[in-house]
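I opened this one to look at the ligand and its surroundings. Here are my notes, in the order I took them.

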Amino acid sequence: MPSSKIAGIGFYVPEKVVTNNDLTKVMDTSDEWIQERTGIKERRYAVKHKESSTTMGTAAARIAIERAGITPEDVDFIIFATLSPDYYFPGCGVLMQRELGIPGIGALDIRNQCSGFVYGLSIADQFVKSGMYKNILLVGAEFHSAGLDFSTRGRNVTVIFGDGAGAVVIQPTEEEGKGILSTHLHADGSYAEKLAYINPGCHGGVHLGTEKYDYPDQEYGGAFLTEKMYKDEDLFPNMEGQAVFKMAVQKFPEVIMEALAQNNYEATDIDMLVPHQANLRISQFVQKRLGLRDDQVWNNIQKYGNTTAASIPIALCEAWEAGKVKEGDLVCLAAFGSGFTWGSALIRF
Ligand code: COA
């Protein structure tokens, strides 16, 4: 049975840089607060009406495809991870397929938020190992700035997130001990609302009680989008930051150790850890817990903020372009996010 490997990688971030000071013009926050709590200095925002998760994903995909030495026509399956899709449905997978001009192949959308890329990688790995596909295009892309609350009320969430996309091409390899060694996926839905974008949705108050979600103005259909939601300004993501932080610093080390143990490695064997860029403080905590040096962990949240499904492929691509991820290196990817979901992948490059 072949293993699967990352044969090509690319990323795209929009040109528009938004600094912490730019955000102070629209909400009550400060550069000092944001840097101290999250490490973020600036992020990128996509250009409305010109860019979207699909267009950014496609730009990253074209680079990954070229670096894999293939053409779009060689791609035999698409996996697209995003929480900020262009449409409610259909997903970005088919939209990107149209942009790339490769109709006919399967296109799957993944809804696992910050863990979306690792979940997608695991799926791609299984498909390639089983011999079903030979050139899977896996993309993580986010257009967060389209859906954030830019008033002071939304500041705890809004300052953290940025836009961008990353992509990889996954191919089989017969090289012994090379490629994706293992992937590990987890979730605990009891925390679903701790980091969530609830409305508009079809829940109709079934999870949280009808008091908050009773929309008498519409008997049916109102659960999707109602005037009351607009009036209550109940159409934004929300996050219990401290609950997220607490679980993240527990689950990141746990799932990294799980991957290492399965492959008989120690934390110090890792050449590069690429954690999901949730918060610099979380990454630093994980680094310390695992006893890793600064040069064993790639952080770029300072420049891009948290780009959710895009953050790992963007960071991995940057590390690879900088020559910090080389042939033969042991690379660990790890993610944690909304769901809660978390996961890891251990790769011998
Ligand atoms: N600017 C200024 N003040 C802010 C702010 C902002 N952007 N966001 C929140 N505050 C304020 C709060 O209103 C609160 O004020 P109060 O004490 O007057 O009530 C104060 O700062 C502390 O808020 P709190 O939410 O307790 O802050 P915190 O220390 O937990 O830091 C996070 C907030 C979001 C930075 C932190 O909880 C965190 O990093 N959590 C993990 C988030 C994450 O990684 N999410 C992505 C997961 S994939």
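First, a term: I count a polar contact when two N or O atoms lie within 3.5 Å. With that in hand, I checked Gln 242 and found an N or O atom of its side chain 2.6 Å from an oxygen atom of the ligand. The side chain of Arg 37 has an N or O atom 2.5 Å from a ligand oxygen. At Gly 241 the backbone takes part, with an N or O atom 2.9 Å from a ligand nitrogen.

A note on the source: this is a predicted model, where local features need pLDDT of at least 70, side-chain atom pairs count only at pLDDT 80 or more, and totals for chains, interfaces and linings use all residues. Residues are numbered from 1 along each chain as its sequence is written, and side-chain values use heavy atoms, with hydrogens and water left out.

Next I looked up the shell. I find 23 residues around the ligand, each with a heavy atom within 4 Å of it. Thr 29, Arg 155 and Asn 279 are among the closest. By class I get eleven nonpolar, nine polar and three charged residues; Gly counts as polar here, and Asp, Glu, Lys and Arg as charged.

Which element gives the largest share of the shell? I see that helix 9 does, with four residues. Helices here are DSSP runs (H or I) of at least four residues.

Last, the domains, with bounds from an automatic or database assignment. Domain 1 (3-173) and domain 2 (179-191 + 239-348) both give residues to the shell, so the ligand lies between them.

Definitions and conventions: A polar contact is a pair of N or O atoms within 3.5 Å; within protein, one must be able to donate a hydrogen and the other to accept it, and residues adjacent in sequence count only if both atoms are side-chain atoms. Helices (H or I, at least four residues) and strands (E, at least two) are DSSP runs, numbered from the N terminus.
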